[in-house]
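Please open the structure in a viewer and keep the sequence at hand.

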Amino acid sequence: MECRKVLNIIKNTVGAFLIKYWYFILICFILLLSAAFRIEVYFLDRQFWPDEAALAANVVDNNGFLWAFLPLNYFQIAPPLFLIITKIITSFFGASEMAFRFLPFLASLISIPVFYMLSKKFLNTKHAIIFANFLYAINFALIRYSSEFKQYSADILIFMLVLLWLSKLDVKDLTMQSILVLNIVFSLLFFISQPTVFLLFGLIAFTLLKNIKHYKFCLIGILPLAAVILYKIQMPSNVTAYMQQYWADGFISFCTIRQFLTENLNFFFYGIKCLKFLIPFIFIGFLIFLYKTYKMDAKVNKIFIFSLFGVVLASALHLYPALNRMILFLFPFVIIFISSVFDFKMKNVHFDKALTIFIIVFSLLFFILFDAKIICKNRNNIILDCCRGRDLAIILKENFNKDDILIISKFNECFYRYYAFLLNINIDNVIILNPPENRKFVEFLTAQNEDKAESDDKNYWIFIPCDFMDAPISKAVQDIKKTNVVTVLYSLHPAQNSYLYKVKI
């Protein structure tokens, strides 16, 4: 009898605790799972893909910090302060892939509670906030790029933090001293995360439209604008031309708006296509967001809307490509748009509870299937199969002879530079083929084959860590087989066509 009483007391106590704190418990659970998915990706033994290797090669090739403010090699663009912090980290902890990815990984973890605060800023009901944080936790694009050695994770975190800060910034009693401070702050922010320029644009536009007497506020943009102009001016013309061509689909126009939206929507649901039924909710939620902005006269909403207009304007003027990973910093707001559709409280208490229970059950069930890799089952393989630069470099280190010659495309030189540094590979005979020279690749080997006296017992190694960057090299390698040159395929990774050929002439 006593045992039954004790059990009833415990049951009632636990029940009362769960009823009182269910929301707090569920939010903590979602935030922990969100962190767990990102931790899992960080500790995968994955190798650099082209952009990461190219950026890492810049870090290991240079000493000091001034180089971060100068044009980078291998057609790379990255915020200088982001590179400087990375340089400090790798100086202390070595130049491994995990060391390079630590800063983005740390930013992605911090962004989880920050997004929770942001969702509370824009959403009112508990079930909408739960759904928003659920979507943030399982978005595969956010998970994949959470620990990629690029600035995207930092962009997401800083964009959210700065917007939250600006929502509380009071501009009524603006002094010249505070204007100078804000100039310095936004200039520093630009050098660690370039999308903050859009928030500055949004803040100035919001302030001037609210009260034209605050014209002094335009002075805040002087130093950041100078920083942007100087940064753009010192960019080499070949890099600018390359970026314009590479991101051509990211520049908005009336003719390409449909393709532009389709590509970005596909990227948002990358790896989680089963959630594409939410696409209509994005547009409905955006209209709801606009309505709330107008009706409630919400400062934070208006700053964001003007900032979003700045992104569209910069894309239309070919200043910033608003496509795929370049607009990851907007993904938290796409999630908020979706969740806004559910951000209402029903008058009928039972119906309201039913909606809340449905969202909770759906989220928990999806978490279970996602964690068990029944949904998005190949997500780790997608990440691991990006490239095999390290594996091929290890083969080179173990089998390359002193008199051998390494041939590598200019596009893939960054792989060799980084992994040669990481694995301490010293090769004197390296031939870097520029894109026009790739087409002469077979002729080059054939000429060497005919010159027997000069090329006796020489091995030519063709290093192709990532074929999709360089189609001419792939064709050239295939054409080698049509000649009388003896070839040995040392390693092959079919997913991304990673090759290492040893050619004996």
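## First stop: a loop residue

Begin by selecting T175, which counts as partly exposed because its relative accessibility is 41%, a value between the limits of 20% and 50%. The residue belongs to the loop between α7 and α8, the latter spanning residues 176–190.

## The whole chain

Now display the entire chain, bearing in mind that this is a predicted model. The secondary structure consists of 23 helices and five strands. The chain has 505 residues, and 52% of them count as buried. Among contacts in the chain with a separation of 6 or more, 77% are between residues 24 or more positions apart. If a surface is drawn, its accessible area comes to about 24,700 Å², and carbon and sulfur atoms account for 66% of that.

## The largest nonpolar core

In soluble globular proteins, nonpolar side chains tend to be buried together. Which residues of the largest nonpolar core touch the most other members? Select L118, L135, I138, L163, F304, L328 and F370, which hold that position among its 113 residues. Helix α7, residues 152–166, gives the most to this core, with 11 residues. Next, centre the view on L163. Apart from neighbours within four places in sequence, L163 is in contact with L118, F122, L199, V300, I303, F304 and F333. Another core, of 42 residues, lies apart from the largest one; its members include F82, I84, L406 and I425.

Select residues 459–464, which form strand β3; six of its six residues are buried. Both faces of the strand are covered, with N459, W461 and F463 buried on one side and Y460, I462 and I464 buried on the other.

Strands β1 and β3 run parallel and are joined by four bridges. Within this pairing, L406 has W461 of β3 as its bridge partner.

Is I405 buried or exposed? It counts as buried, because its relative accessibility is 11% and the limit for burial is under 20%. Beyond residues up to four places away in sequence, I405 touches F400, N429, I431, K458, N459, Y460 and W461. For one of these, N429, the C-alpha atom is 5.0 Å from that of I405, although the two residues are 24 apart along the chain.

## A buried threonine

Move to helix α3, residues 80–93, and select T86 within it. With a relative accessible area of 1%, T86 is buried. Setting aside neighbours within four places in sequence, the contacts of T86 are F100, L103 and F149.

## Last stop: a nonpolar patch

Finally, return to the surface and select F201, F309, L313, L317 and L319. Together these residues form a nonpolar patch with about 480 Å² of accessible area. One of them, F201, is located in helix α9, residues 196–210. F201 is partly exposed, at a relative accessible area of 33%.

Technical notes. Residues are numbered from 1 along each chain as its sequence is written. This is a predicted model: local features need pLDDT of at least 70, side-chain atom pairs count only at pLDDT 80 or more; totals for chains, interfaces and linings use all residues. Side-chain values use heavy atoms; hydrogens and water are left out. Patches are made of residues with over 30% relative accessible area and no salt bridge: like charges are joined within 9 Å, nonpolar side chains (Val, Leu, Ile, Met, Phe, Trp, Tyr) within 5 Å. Accessible areas come from the Shrake-Rupley method with a 1.4 Å probe; for residues, only the protein chains shown count as cover. A salt bridge is a side-chain nitrogen of Lys or Arg within 4 Å of a carboxyl oxygen of Asp or Glu. Helices (H or I, at least four residues) and strands (E, at least two) are DSSP runs, numbered from the N terminus. Buried means under 20% relative accessible area, exposed over 50%, partly exposed in between (1.4 Å probe, protein chains only). Contact means heavy atoms within 4.5 Å. Two strands pair if DSSP finds at least two bridges between them. A nonpolar core is a set of buried Ala, Val, Leu, Ile, Met, Phe, Trp, Tyr and Cys residues joined through side-chain atoms within 4.5 Å.
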